[in-house]
Amino acid sequence: MILTVISGRNERDWFDIEVPDHCQVGELIEMLGLRLYQSASQEGIQYILEGKFPEGLWFKVEEGASLAEAGLREGTCIRLQRAFSTTEEEAPIYGRRSLFQET
């Protein structure tokens with residue numbers, strides 16, 4: 001499977017990478033972490049892998065599955081973001097406000 005890796009903030013910097021179909025998402029994250037950031041994953045650093053089809057929006061690629069099971073296919077654009085954190089918990093969301101509210 002050939003994936004296009006977006007490596008710049010403005011999506012002008014990119015390169016193609018060929019990975020086997022049975023590759024796990026975690027393996028791809030490790031490989032891209034070394035290539036883009038020149039360091040292996042460490043304590044307190046989280047990597048967020050996102051994918052995008054040519055006609056769609058960015059979506060988070062969940063770990064623990066093969067690339068095909070995670071929704072990636074030939075020609076998908078991917079990007080890896082690095083986040084520095086001391087926890088893997090997410091902040092809770094308390095309710096959502098409707099765009100059009102009845103008054």
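Trainee: How much of the protein is made up of buried residues?
Mentor: Of the 103 residues, 32% are buried. Keep in mind that we're looking at a predicted model.

Trainee: Switching to the fold. How many helices and strands are there?
Mentor: One helix and five strands. Going along the sequence, you read β-β-α-β-β-β.

Trainee: What share of the contacts between residues at least 6 apart joins residues at least 24 apart?
Mentor: That share is 57%.

Trainee: Let's talk charges. How many salt bridges does the structure hold?
Mentor: Two. One of them pairs the side chains of Glu50 and Arg79, at 2.6 Å from N to O.

Trainee: Where do Glu50 and Arg79 lie?
Mentor: Glu50 is in strand β3, residues 45-52, and Arg79 is in strand β5, residues 77-84.

Trainee: Is Glu50 buried or exposed?
Mentor: Glu50 counts as buried, because its relative accessibility is 15% and the cut-off for buried is under 20%. Arg79 comes out as partly exposed, at 23%.

Trainee: And which residues form the other salt bridge?
Mentor: Glu55 and Arg73, with their closest N and O atoms 3.3 Å apart. Here both partners are in loops: Glu55 in the one between β3 and β4, Arg73 in the one between β4 and β5. That pair ties together parts 18 residues apart in sequence.

Trainee: Why does Glu55 count as exposed?
Mentor: Because its relative accessibility is 62%, and exposed means over 50%. Arg73, at 41%, counts as partly exposed.

Trainee: Why would side chains like these pair up at all?
Mentor: In general, side chains of opposite charge can pair when their charged atoms come close.

Trainee: New topic: Thr4. Which strand is that residue in?
Mentor: Thr4 is in β1, which covers residues 2-6. The residue is buried, at 16% relative accessible area.

Trainee: Which side chain does Thr4 make a polar contact with?
Mentor: The Asp16 side chain, at 2.8 Å.

Trainee: What else does Thr4 touch, leaving out residues up to four places away in sequence?
Mentor: Besides Asp16, Thr4 touches Trp14 and Phe15, plus Thr76, Cys77 and Ile78.

Terms used. Residues numbered from 1 in each chain as written. Predicted model: local features only at pLDDT ≥ 70, side-chain atom pairs only at ≥ 80, totals over all residues. Heavy atoms only, no water. Helix = DSSP H or I, 4+ residues; strand = E, 2+ residues; numbered from the N terminus. Buried < 20%, exposed > 50% of the residue type's maximum accessible area, 1.4 Å probe, protein only. Polar contact = N/O pair within 3.5 Å; in protein donor to acceptor, adjacent residues only side chain to side chain. Contact = heavy atoms within 4.5 Å. Salt bridge = Lys/Arg side-chain N within 4 Å of Asp/Glu carboxyl O.
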